[in-house]
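Colleague: I am new to this structure and would like a close look at a single part of it. Please take me through it step by step.

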2 protein chains.
Amino acid sequence: MINQYKQLCTHISELVHIDNHDEKCISERFDAKELRKKDILLGQGSVSNHMMFISKGCLITYALDNGVERVLQIGIENWWVNDLNSFFTQTASAYSIKAIEESIVFQIQRDELELLFREVPKMERFFRLKIQNAYTAQQARFISNVTETAEERYANFRTKYGMLEQRVPQYMVASYLGITPEFLSTIRKST
Amino acid sequence: MINQYKQLCTHISELVHIDNHDEKCISERFDAKELRKKDILLGQGSVSNHMMFISKGCLITYALDNGVERVLQIGIENWWVNDLNSFFTQTASAYSIKAIEESIVFQIQRDELELLFREVPKMERFFRLKIQNAYTAQQARFISNVTETAEERYANFRTKYGMLEQRVPQYMVASYLGITPEFLSTIRKST
C-alpha cells in the first residue's frame, strides 16, 4: 500500500528520527484536504484548530486591511501554514489562509495532535523545533519591515523564495513586500 | 539533602509530570548563578548559550537605542529570560539582560539541554509549551505597541505585573511602556 503521507514523514525525518511504527501513527492522525484555487483554508476571525502542512500547491496568508488583502506569508510544498497564535490560544485568527493554486494540505486536529504526542513523543521535539523557527521568522520579518528598504526586501524575497516568483501574481508579491505593484515593477526593471 | 532546584522542578511540574529521577536529572544539568544589582547576564552583541530561569530577584531586558536603555521585558521569580532568537540561531543578541536587584538565576547550557532532552524527553514538551507562550507574547507585545494608547498599556502592565511596580524604578516602567517618565507620572495621577 502506498502511504500518501510519505512526503510528510520524509519531511519530519529531516529533523527527528522516526521508524515504521511512528510513520504509521503519523499517517493515521493526519487528514488530506484538497483545495481549489481561491478556497479558504482558515478564515480571519475563526479559530484555528489544525496544524497544516502543504503537500502540493501554493497558499497565502493575508489580513484584510480596509478591504485590501495584505499578504503576510506565502507558502509552498513542504511548508507549514497557520495562525499559530490562534491555534495556541484558541482565539480568533488575525488573518486568512487561501489557496492560490489547486493544493493539497495535510492537517492534524488539536486533539489528534495531543494523541500523536503520546504515541510518538519525538513529535514534541519536531514541533518544538518548528515553533522555534516560526518565532525566529516572526522576529526577522518584523525587523526586516522596520529596517530594510523595499529594494532590500525584494532581494531577500528572491533569495528566500527563488522560483516561487513565477507562481505568485505580481500584486501579491508587492503586497508581501509592503509596496505598490507599480513600485515593484520599477525595482524589477532596475535590478 | 535539600535540592536547591526544587523551585525549578515545581515550576516545570506545573506543565509536565516529572518524577524523582527526572528531578535529579534536571537538577544536575542546571547551574545557579548569583547576580548583584546591575550585573549583566547577557550582553547585547554576544551569543546566548543558556536558557535562564529566575529563581530570585528581578531582571530587565533592554536594547541600547542611541545610548538610551529601551526596556523590552521585565522578569521576576519563576520567569524565563533570554534572547531566544540569539539562542536558537546562535547569532548576536539584539539586547542585554541585567539584574536590577540581587538575583539568582538557574541556567542550562545548550549542549546540557540537549542531553537533558535525551534523559527526560518530556522536557521537550515543557519547552515546546514555553516557546509557544513566548511566540504568543511576542505577537501580543507587537500588536499592543501598534494599537493601544499609553493609558491602555499602563493599565495592562498593572494587571499583568501587579505589585512588581513597587520593585522597578519609574523610568524603567516608562521605558517599557514606550513613554517618558513625565507622561507616566501624569497617567498615574489621573488613574
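Which ring does B:R110 lie over, and at what distance from the ring centre? Please go on from there to helix 4 of chain A and to the aromatic pairs.

Modeller: This is a predicted model. B:R110 lies over the face of B:F87, 5.5 Å from the ring centre. Chain B has another such case, with B:K98 over the face of B:Y62 at 5.0 Å from the ring centre.

Now to helix 4 of chain A, which runs over residues 110-119. At its start, a side-chain oxygen of A:Q109 comes to within 2.9 Å of the backbone nitrogen of A:D111. Within the helix, A:L113, A:L116 and A:F117 are buried. Because these residues cover an arc of only 105° around the axis, they lie on the same side of helix 4 of chain A. On the other side, A:D111 and A:R118 are exposed. The buried residues pack against several elements of chain A, including helix 2 (20-29) and strand 8 (103-109), and also against helix 5 (122-147) of chain B.

A:F117 also belongs to an aromatic cluster, together with A:Y5, A:F30, A:F53, A:W80, A:F106, A:F126 and A:F127. Over all chains, the count of aromatic pairs comes to 28. One of them joins A:F126 and A:F127 edge-to-face, at 5.2 Å centre to centre and 80° between the planes. Both A:F126 and A:F127 are buried. In chain B, the ring centres of B:W80 and B:F126 are 6.0 Å apart with the planes at 55°, so this pair is tilted. The pair links distant parts of the chain, since B:W80 in strand 6 and B:F126 in helix 5 of chain B are 46 residues apart. B:W80 and B:F126 are both buried.

Definitions and conventions. Residues are numbered from 1 along each chain as its sequence is written. Chains are lettered from A and ligands numbered from 1 in the order in which they are written. This is a predicted model: local features need pLDDT of at least 70, side-chain atom pairs count only at pLDDT 80 or more; totals for chains, interfaces and linings use all residues. Side-chain values use heavy atoms; hydrogens and water are left out. Buried means under 20% relative accessible area, exposed over 50%, partly exposed in between (1.4 Å probe, protein chains only). Helices (H or I, at least four residues) and strands (E, at least two) are DSSP runs, numbered from the N terminus. The arc is that of the directions from the helix axis to the C-beta atoms. Contact means heavy atoms within 4.5 Å. A polar contact is a pair of N or O atoms within 3.5 Å; within protein, one must be able to donate a hydrogen and the other to accept it, and residues adjacent in sequence count only if both atoms are side-chain atoms. Rings of Phe, Tyr and Trp (its six-membered ring) pair if their centres lie within 6.5 Å; planes under 30 degrees apart count as stacked, over 60 as edge-to-face and the rest as tilted. A charge sits over a ring if NZ of Lys or CZ of Arg is within 6 Å of the ring centre and within 35 degrees of the ring normal.
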